[in-house]
Amino acid sequence: MSLAIILSMFMFSLSMSISPGPVNLTILSTSLNRGFIKTFPFISGATIGFVLLLTFVGFGFSKIINAYPIIFKFLEFFGSAFIIYIGYKILSSKPEIEVNHNSSIPNFIDGFLLQWLNPKAWIACASGVALFSAPNTNTPLLVFICIYFLICYLSLALWGILGKKLSIILSNSKHILLFNRLMGISLIFISIYMIFNIFTAK
């Protein structure tokens with residue numbers, strides 16, 4: 001396997017992982033409100049969830065989706081609904097860095113499920129598998145999965161660090177509350193747009 005292919009795997013993984021999306025926005029907002037340490041379980045769940053999804057798609061499920069596209073429609077709908085739920089959790093989050101134990105914080109399971117129910121994650125997996133699979137060997141796909149795991153973890157962690165840095169800038173609780181509402185509304189808007197596309201797409 002050539003160095004050019006490996007570099008292409010790195011660039012693909014980085015561009016897909018670092019670009020803004022539902023997972024990244026959730027990490028940013030949670031880290032701002034709760035700190036990086038409390039956000040780390042969500043980051044881990046999102047990373048592990050995505051890599052397992054990539055493995056799942058890479059080793060055969062993409063054939064089922066191609067044969068029965070209605071399955072992907074169901075995934076789009078339930079995924080969008082779950083993103084609305086995550087958006088609501090952020091929207092209703094209290095504007096304090098330290099919160100009580102009854103406060104709802106996106107956790108490992110939330111991160112894991114968000115990836116499996118996120119249509120963009122499925123598209124990223126299908127695209128990556130199409131680009132980096134080989135007909136007679138699984139080696140390129142296995143290398144791609146390992147690279148994606150590393151890049152995804154680092155990229156999502158950077159969003160968490162960014163959220164922690166923002167907590168220093170947005171020290172006023174009113175500013176944090178405004179930020180929470182902006183992030184929550186953004187996620188909900190993205191989800192509604194996805195659902196709209198499901199029912200209007202031909």
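# Exercises on an all-helix model

From the N terminus on, the elements of the protein chain run α-α-α-α-α-α-α-α. This is a predicted model, in which local features need pLDDT of at least 70 and side-chain atom pairs count only at pLDDT 80 or more, while totals for chains, interfaces and linings use all residues. Residues are numbered from 1 along each chain as its sequence is written, and side-chain values use heavy atoms, with hydrogens and water left out.

## Exercise 1: Chain overview

Task: state the secondary structure, the burial and the contact range of the protein chain.

Solution. 
- Step 1. The secondary structure comes to eight helices and zero strands. Helices (H or I, at least four residues) and strands (E, at least two) are DSSP runs, numbered from the N terminus.
- Step 2. Of the 202 residues in the protein chain, 45% are buried. Buried means under 20% relative accessible area, exposed over 50%, and partly exposed in between (1.4 Å probe, protein chains only).
- Step 3. Residues 24 or more positions apart account for 87% of them. A contact means heavy atoms within 4.5 Å.

## Exercise 2: Confidence

Task: find which elements have the lowest and the highest mean pLDDT, then examine residues 97–102.

Solution. 
- Step 1. pLDDT is the predictor's confidence in each residue, from 0 to 100. The protein chain has a mean of 79, and 77% of its residues reach 70 or more.
- Step 2. Helix α4 (residues 70–91) has the lowest mean among the elements, 70. Helix α5 (residues 108–116) has the highest, 91.
- Step 3. Over residues 97–102 the pLDDT is below 50. Beyond near neighbours in sequence, this stretch has ten contacts in the model.

## Exercise 3: Packing of α1 and α6

Task: describe how helix α1 packs with helix α6.

Solution. 
- Step 1. Two packed helices are described by the angle between their axes and the distance between the axes. Axes are lines fitted to C-alpha atoms, for helices over the stretch in contact, and angles run from 0 to 180 degrees between N-to-C directions.
- Step 2. The axes of α1 (residues 3–18) and α6 (residues 119–132) come within 11 Å and cross at roughly 175 degrees.
- Step 3. Therefore α1 is roughly antiparallel to α6. The classes are: under 35 degrees roughly parallel, over 145 roughly antiparallel, 65 to 115 roughly perpendicular, and the rest oblique.
- Step 4. On the α1 side, the contact is made by I5, S8, M9, F12 and M16. On the α6 side, it is made by A124, S127, G128, L131 and F132.
- Step 5. These residues divide into seven nonpolar, three polar and no charged. Ala, Val, Leu, Ile, Met, Phe, Trp, Tyr, Cys and Pro count as nonpolar, Asp, Glu, Lys and Arg as charged, and the others, Gly among them, as polar.

## Exercise 4: Aromatic pairs

Task: count the aromatic pairs in the whole structure, then classify F12 with Y148 and F132 with F144.

Solution. 
- Step 1. The search finds twelve aromatic pairs. Rings of Phe, Tyr and Trp (its six-membered ring) pair if their centres lie within 6.5 Å; planes under 30 degrees apart count as stacked, over 60 as edge-to-face and the rest as tilted.
- Step 2. F12 and Y148 have ring centres 6.4 Å apart and planes at 75 degrees, so the pair is edge-to-face.
- Step 3. F12 sits in α1 and Y148 in helix α7 (residues 139–169), 136 residues apart. Both F12 and Y148 are buried.
- Step 4. F132 and F144 form a tilted pair, 4.7 Å centre to centre with 40 degrees between the planes. F132 lies in α6 and F144 in α7, so the pair ties together parts twelve residues apart in sequence.
- Step 5. F132 is buried at 9% relative accessibility. F144 is buried too, at 0%.
- Step 6. Ring pairs link F12, F50, F132, F144 and Y148 into a cluster.
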